[in-house]
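This report describes selected helices and the ligand site of one protein model. Please look at the sequence and the structure before reading on.

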Amino acid sequence: MCGIICYIGEQNSIPILLEGLKRLEYRGYDSAGLASINPENGEVLFVKSVGKVGELEKKVKSTDFSGNYGIAHTRWATHGKPTEANAHPHSDCTGKLFLIHNGIIENYEILKKELIKKGHKFVSDTDTEVLAHLIEDNLKDNFEDAVRKSLAMVEGTFGIAAIHKDFPRKIVVARRGSPIIIGIGENEYIAASDVNAFIRYTNRVIYLNDDEMALLNDNELVITDLNLKQIEKKPETIDWQYEADEKEGFKHFMLKEIYEQPRTVENAVRGRLIEGEGISKLGGLEPVLDRILNLKKLTFVSCGTSFYAGLYGKYVFERLTDLDVHVDYASEFRYRNLKLTEEDGVVAISQSGETADTLAALREAKRKGSLVLGLVNVVGSTIAKETHAGVYCHAGPEIGVASTKIFVSQCVILNLIALLIGRRRGLSVFDGMQLVKEIKKLSGNIEKILEKADLIREIAKKYLPYQNFLYIGRHLNFPIAMEGALKLKEISYVHAEGYPAGEMKHGPISLIDEYFPTVAIATNGFTYEKMISNIQEIKARNGKVIAVATEGNDEIKNVVDDVIYVPETIDILQPIVNVIPLQLFAYYFADFKGCDIDKPRNLAKSVTVE
Ligand code: G6P
């Protein structure tokens, strides 16, 4: 969703802001803009464009402007269509103030009416513009004070950055519910909503907490709360490597990320498995391990692909632990009247660590006294900071909006967490050792599937004429059917639904005919025979079936139309192997259709609105 980057220092801000915007592109956006001031001559560059950052770059490059501080933004439309007028930065009536904003000003309509009465002229449909005029209205002789006063009047969430021509060499940033991270370089500060935007320049950072603001000068950083009370904060050094946003020869980031998965699995387990004892070691959970071991109930809360990881986690935990395990959409969990106590644990699963609903769910659980854990990829993200303890995925940045490698990482780590609890609550050392052994083989198994990408590509091509797909699986593979269907619809815009195979007879079977193919996950295991029965039911109605089956199963070829073979592992890990061909199928299908795979329409990587 929306992204913020700002720079103040000795360098020309323009290339740094443009590069930062490009590194924020993956979050999903539909317009972009930039404002920079040259304090030497008072010149201002204020440009906006609809569409890709490349469009903005063309406009910027047609000027020879140079200015060593500025702010820039990528916008994902909420209030008002993606137009230049609605793109950020927003300005005030004087044209001297520039403001960028992530989040939503909920009381903007009331404020706007009052400001219009006072004579303010609005040019956009956005909630953000209200804040720009409000600052103008409150401005006397101190810019940061006007920002502070204005923020006190707004309801909702914000991560903001503002500059003003009459108050040169100053950037004011502030947050409530939408991240702002300040990178500290040599005689320069770079603030952003996402460390990816500036990690190339520095890994020394300060995270703003809610209701904090910072004043960035050339060589001074002053952090205060919203009452201007000064706050001392020490910079943290973050362990987040700069990875060039390069596709390394792959056509899309999504394909690159699918191919990275053998390494993703290795990174997820590195140093976390003790083979001889059949147990895992998760440093991030150690401070609360006693409490974890005494939990009565555990609930996974998450959204999107992370929700399906949680759904898979439920089956894994049921198998490896004696815990009462639940799973819920974060957006639903937060509104339920849950009987949560101190003996409950809630695991927030999130790639970005910023998803608004997941954050709201964890805050609700915390309020009720439960232990709140995080399974997060982005180091230092809000969810990572607000949970009592947690485990990082260590999967590096994921650029493709449709999650692939992080899903696999989450699934692997859920096994490690379950193993840690299970082995302390009755799981045998033998079972633990077997799981560890098979986890270690996972990356090799994934490699074997990647070698078959060409075959999967051909199958995807064959099914291009179809507009609807059903995905079915049972037990541990039910979440994988859901995730496979989600991948296809996210990036190719064809309709796909995932279903537990046993439920097929209670509805979806009425859709089946020669035009409605099914992807059936039918690898070996105790539900295999039942899956074959479901496949037969589909075939009896002329439905086409693509099966994901275990290598060596020659019989299934006689039943289905197409088979993708995968290596066999133990049943609780098999879903992690089975999801790989479904990712590749969705990818190639969307690629043949010519879709914008890394940035599918209407979707955002980090969903920071509720
Ligand atoms: C968005 C993304 C999905 C992601 C979901 C949850 O919908 O497009 O890929 O699975 O948000 O995000 P999170 O960062 O919390 O895992």
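What covers the buried residues of α7? In this predicted model, the cover includes the helices α6 (253-259), α13 (405-424), α14 (429-450) and α18 (574-592), together with the strand β15 (273-274). Helix α7 spans residues 261-269, and its buried residues are Gln261, Pro262, Thr264, Val265, Ala268 and Val269. Because these residues cover an arc of only 160 degrees around the axis, they lie on the same side of α7. The general rule is that an α-helix has 3.6 residues a turn, so residues three or four places apart point the same way. After α7 comes Gly271, which has a positive phi, near 70 degrees.

Helix α1 is made up of residues 13-24. From first C-alpha to last, the 12 residues of α1 reach 16 Å, close to the 16 Å expected at 1.5 Å a residue. The helix is mostly covered, with 10 of its 12 residues buried. Among the buried residues of α1 are Ile14, Ile16, Leu17, Leu18, Leu21 and Leu24, and the list also includes Glu19 and Arg23. The cover over the buried residues of α1 includes the strands β1 (3-8), β2 (31-38), β3 (43-50), β4 (69-75) and β10 (188-192), as well as helix α2 (53-61). At the start of α1, Asn12 places a side-chain oxygen within 3.3 Å of the backbone nitrogen of Ile14.

Helix α5 (residues 143-153) contains Glu144. Is Glu144 buried or exposed? Its relative accessibility is 14%, and because the cut-off for buried is under 20%, Glu144 counts as buried. Apart from its neighbours within four places in sequence, Glu144 is in contact with Lys170, Val172, Met213 and Leu215.

The ligand has 13 residues around it, of which Ser306, Ser350, Gln351, Ser352 and Thr355 come nearest.

| Residue | Atom on the protein side | Distance to a ligand oxygen |
|---|---|---|
| Gln351 | polar backbone atom | 2.7 Å |
| Thr355 | N or O atom in the side chain | 2.4 Å |
| Val401 | backbone N or O atom | 3.0 Å |

Taken alone, the ligand exposes 390 Å², and the protein buries 91% of that area.

How values were computed:
Residues numbered from 1 in each chain as written. Predicted model: local features only at pLDDT ≥ 70, side-chain atom pairs only at ≥ 80, totals over all residues. Heavy atoms only, no water. Helix = DSSP H or I, 4+ residues; strand = E, 2+ residues; numbered from the N terminus. Expected span 1.5 Å × (residues − 1). Buried < 20%, exposed > 50% of the residue type's maximum accessible area, 1.4 Å probe, protein only. Contact = heavy atoms within 4.5 Å. Polar contact = N/O pair within 3.5 Å; in protein donor to acceptor, adjacent residues only side chain to side chain. Near = heavy atom within 4 Å. Areas by Shrake-Rupley, 256 points an atom, 1.4 Å probe, with all protein chains shown as cover. Arc of directions from axis to C-beta.
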